[in-house]
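What follows is a walk through one structure, element by element. Please keep the sequence and the 3D view at hand while reading.

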Amino acid sequence: MNVRVVKLGGSELDRPEWLAACARALVAAGPVVVVHGGGRAVTALSQRLGLPAEKRAGVRVTTTEVAEVVEMVLAGPINRTVVGALRLAGLDAVGLSGVDGGLLTAEPLAGGFGHVGRIVDVRTALLHSLLLAGLIPVIAPMAPGGSPAAGGLPFNVNADDAAAAMAGALQAAELLFVSDVPGVVIDGVPQASLPVGELDTLIELGIAADGMAAKLRAAAAALGAGTRAVRIGDLRLLSDATAGTRILATTPQPA
């Protein structure tokens, strides 16, 4: 199955007109798995509750209390909003989290990020079953925590990393990181393409920081796991095969 994985930037999901335009563009996308963020909403609720909203290298530092907020926001209103927009556009979308059906398996992410997970396995058979039934899975990026000490709370998983893991496991034809930026911008110029070997340098020099650094790391991981193509950009990615910044694998992926 020629599947595409589309990651929707969390900062744009509170803009109904943007989400509606995205849903309309996905109508012609073919078999697709949608992964969404929701960082802005998580930060807003965390701050309202007096909880820390700290990120390092584009990854949210997640205390047990913040993990509760992540589960509440991502698996609740954000997922429901994305599913609703896709269904209004005529797409048969179904909302899931990485916990549902054991879709994602994760282990704690090293580095002192708290209750954050790194995906080690994807139940691709579940995704294939949904796609073969004509459904569009819309995934909230969480994975079973497996720790009684954390009250069974799911791991928070960076949405870029979750999308990359699923794209690699599915051997996806393409992974698209869709947000409101035209691509990777260097010295004010959006880049048409970047070799994967240059990504670490861009991150080390601070040219790509925070969320963009996380996307570049995820792009490299996806290509290394067998995803055939990765692009980063805005909504034009969904209708124009040349839009955005294409990340070029060191070894060309099979067509």
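The buried residues of helix α1 pack against β1 (4-8), β2 (32-36), α3 (64-88) and β11 (174-178), where contact means heavy atoms within 4.5 Å. Helices (H or I, at least four residues) and strands (E, at least two) are DSSP runs, numbered from the N terminus. This is a predicted model, in which local features need pLDDT of at least 70 and side-chain atom pairs count only at pLDDT 80 or more, while totals for chains, interfaces and linings use all residues. Residues are numbered from 1 along each chain as its sequence is written, and side-chain values use heavy atoms, with hydrogens and water left out.

Helix α1 covers residues 16-26, and its buried residues are Trp 18, Leu 19, Cys 22, Ala 23 and Leu 26. Viewed down the axis of α1, these buried residues fall within an arc of 135°, so they line one face of the helix; the arc is that of the directions from the helix axis to the C-beta atoms. On the face turned away from the buried side, α1 carries the exposed residues Pro 16, Glu 17 and Arg 24. Buried means under 20% relative accessible area and exposed over 50%, with partly exposed in between (1.4 Å probe, protein chains only).

Next comes the sheet. It is open and has 8 strands in the order β5-β8-β2-β1-β11-β15-β16-β14, with mixed pairing; two strands pair if DSSP finds at least two bridges between them. At the edges stand β5 (93-97) and β14 (193-195), each with a single partner strand, so one side of each has no neighbour in the sheet. Within the sheet, β1 and β2 pair in the parallel sense over 5 bridges, and Arg 4 stands opposite Val 32 in β2.

Two further helices meet these strands. Helix α4 (residues 124-132) packs on the sheet and touches β2, β5 and β8 (136-140), its direction making about 140° with that of β8. Helix α7 (residues 210-224) lies across β1, β11, β15 (230-233) and β16 (245-248), running at about 165° to β15. For these angles, axes are lines fitted to C-alpha atoms, for helices over the stretch in contact, and angles run from 0 to 180 degrees between N-to-C directions.

Helix α2 (residues 39-48) contains Ser 46. Ser 46 counts as buried because its relative accessibility is 0%. Leaving aside neighbours within four places in sequence, Ser 46 is in contact with Leu 51, Pro 52, Val 66 and Val 69.
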